[in-house]
Amino acid sequence: MTERGSATTFVVVLMVPMLAMAALALDGGRILAARRQAIDVAQNAALAGAQAADESSVRGGTVAVDERQAIAAAEAYLTAADTDGQVRVVTASGEVRIEVTTTVAVATPWLAMVGITERQVDGAAVGRLTRGVDAADT
């Protein structure tokens with residue numbers, strides 16, 4: 001009995017799972033990097049929106065923000081970062097929050113072999129406005 005060609009069959013059978021694992025490793029890394037990027041952009045956009053606070057009101061003991069200006073600043077950051085996202089200003093119990101969510105599309109060239117050509121990853125961040133320290137606090 002001959003064993004001719006048995007190594008070829010063995011290699012062909014193992015090649016499919018090995019390629020699938022390589023695809024998961026390579027494209028999975030791309031997805032994780034994109035998720036980190038989405039979170040970073042959301043955090044920086046929230047910071048940009050929070051910086052629209054009225055400084056004198058924060059130092060005076062209250063927290064006030066021009067909602068339109070805060071949203072415009074955060075959206076400007078999202079546009080500069082070429083990232084899709086949503087911004088909203090929430091005021092509750094005396095606290096002002098700038099909430100930003102982002103969405104990044106990631107191409108998955110290796111997983112495209114099994115029909116997964118793209119993944120959407122999301123990021124979220126909240127910028128909270130709080131009262132700063134003034135001369136009376138020192």
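**The sheet and its surroundings**

Guide: Let's start with the sheet itself, an open one of three strands in the order β1-β2-β3 with antiparallel pairing. Strands here are DSSP runs of E with at least two residues, helices are runs of H or I with at least four, and both are numbered from the N terminus; two strands pair if DSSP finds at least two bridges between them. Before going on, a word on the source: this is a predicted model, where local features need pLDDT of at least 70, side-chain atom pairs count only at pLDDT 80 or more, and totals for chains, interfaces and linings use all residues. Residues are numbered from 1 along each chain as its sequence is written, and side-chain values use heavy atoms, with hydrogens and water left out.

β1 and β3 are the edge strands, each pairing on one side only. On average, neighbouring strands are turned by 15° against each other, direction ignored; axes are lines fitted to C-alpha atoms, for helices over the stretch in contact, and angles run from 0 to 180 degrees between N-to-C directions. Between β2 and β3, the antiparallel pairing runs over 12 bridges. V96 stands opposite L129 of β3.

Leaving aside residues up to four places away in sequence, L129 touches A50, A53, V63, V65 and V96, a contact being heavy atoms within 4.5 Å. In the largest nonpolar core, which has 19 residues, L129 joins V65, I98 and V100 in touching the most other members. Such a core is a set of buried Ala, Val, Leu, Ile, Met, Phe, Trp, Tyr and Cys residues joined through side-chain atoms within 4.5 Å, with buried meaning under 20% relative accessible area, exposed over 50% and partly exposed in between (1.4 Å probe, protein chains only). Two or more residues each come from α1 (6–50), α3 (67–80), β1 (84–92), β2 (95–107) and β3 (118–129), and α1 gives the most, with five. A second, separate core of six residues includes I31, V104, V106 and V121.

Now for the helices. α3 lies across β1 and β2, running at about 155° to β1. The axes of α3 and α1 come within 7 Å and cross at roughly 150°. V41, N44, A45, A48 and G49 of α1 make the contact with A70, A73, A74, Y77 and L78 of α3.
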